[in-house]
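Colleague: I am new to this one. Please take me through it, and tell me what backs each label.

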Amino acid sequence: MSTFVERLEKTGYRDGETMFGAPYDFRYAVAPVGRPSRVGDAFFRALKNLVERASGLNGGRPVVIATHSFGGLLAHQFLIRQPLAWRRRFVGRFVPIAAPWGGLVRGMQTLVSGNNLGLPFVDPRALLRQGRSQQSSLWRLPSPAAFGAATPLVTTKSRNYSAGDVADFLVAIGLGEAVGPYESRVLPLFGGELPHPGVPVTTVVGVGVGTPERIVFPGDDFDATPSVVAGDGDGVVNLVSAVAVETSWSHRGVDFSMVKVSNMSHNALLVDDRALEIIIREIQRAD
């Protein structure tokens with residue numbers, strides 16, 4: 001986020017005065033309302049206090065919440081759990097950048113083959129156990145609401161797995177213990193249509209970059225190296241996931257817009273001048 005922060009500072013924002021950070025430990029995942037989530041609940045309490053303090057330090061003006069990637073889903077969960085009157089009082093605009101509203105095909109791939117997080121000379125499978133141990137790894141799984149319940153996303157010699165077959169997929173890859181948490185803590189949050197957060201929203205997404213759309217194994221052995229069929233997106237977030245909220249949120253009578261930045265990758269959205277100009281313009285709309 002350093003380049004993004006530097007650009008905001010050049011625009012006039014000051015750390016601790018008009019600009020505040022709220023990092024989250026994504027080893028943990030928040031849970032549906034009514035289910036225990038010690039880390040998530042503590043973060044939401046701290047974030048609410050931060051929003052109110054930031055507003056108070058700036059004459060009571062509402063804040064802008066800007067996020068990247070899964071930070072968008074986390075902030076969305078935070079917003080919809082606050083009273084509508086509080087949201088309208090304290091949040092002037094929500095700007096999620098590269099938010100995977102419907103999960104990722106790469107989420108299934110990561111649970112099979114690991115993810116080296118872009119680190120050179122690191123075998124992705126060396127980080128497989130680490131990735132599987134994170135509660136939030138289940139958040140990355142594709143949602144049937146976005147990808148449909150029948151479209152093949154992972155293919156083996158004897159079986160296709162769609163977003164509607166995630167429980168079977170988890171069992172097949174030897175992660176059957178994750179089925180319960182997935183069905184009780186993930187599907188209730190992301191398995192259906194996501195509610196509008198009740199504040200003005202501008203979501204910025206990258207398009208035109210090859211993104212894993214289907215993972216094809218040559219046989220039934222998940223230890224084999226699969227081939228990857230690419231589709232549209234930002235290289236990480238599939239286009240169908242990035243735009244999953246566009247239709248429903250644009251018809252809610254609340255200020256909503258989606259900006260699609262062509263040929264822009266997931267992380268480039270935070271460093272490319274063309275993308276940053278768009279993002280900062282949307283942040284300043286609330287001023």
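**Labels and their grounds**

Modeller: Of the 287 residues of the protein, 49% count as buried. This is a predicted model, in which local features need pLDDT of at least 70 and side-chain atom pairs count only at pLDDT 80 or more, while totals for chains, interfaces and linings use all residues. Residues are numbered from 1 along each chain as its sequence is written, and side-chain values use heavy atoms, with hydrogens and water left out.

Colleague: What makes a residue buried, exposed or partly exposed?

Modeller: Buried means under 20% relative accessible area, exposed means over 50%, and partly exposed lies in between (1.4 Å probe, protein chains only).

Colleague: How do you know that the radius of gyration agrees with a compact globule?

Modeller: The radius is taken over C-alpha atoms, and the globule rule is 2.2 Å times the number of residues to the power 0.38. With 287 residues, the rule gives a value near 19 Å; the protein has 19 Å, so the two agree. The C-alpha atoms fill a box of roughly 60 × 40 × 40 Å along the principal axes.

Colleague: How many helices and strands are there?

Modeller: Twelve helices and eight strands. Helices (H or I, at least four residues) and strands (E, at least two) are DSSP runs, numbered from the N terminus.

Colleague: Why is helix H5 called mostly covered?

Modeller: Helix H5 spans residues 105-113, and eight of its nine residues are buried. Among them are Val105, Met108, Leu111 and Val112. Gly114 follows H5 and has a positive phi, near 85°.

Colleague: Why is the contact of Asp25 and Arg27 called a salt bridge?

Modeller: A salt bridge is a side-chain nitrogen of Lys or Arg within 4 Å of a carboxyl oxygen of Asp or Glu. Asp25 and Arg27 meet at 2.6 Å, N to O, so the pair qualifies. Asp25, at 30%, is partly exposed. Arg27, at 48%, is partly exposed too. The structure holds nine salt bridges.

Colleague: Which residues are linked in a network of salt bridges?

Modeller: Arg93, Asp255, Arg281, Glu282 and Arg285. Glu282 and Arg285 have their closest N and O atoms 2.8 Å apart. Glu282 has a relative accessible area of 5%, so it is buried. Asp255 and Arg285 meet at 3.5 Å. That pair links distant parts of the chain, 30 residues apart. Arg285, at 40%, is partly exposed.
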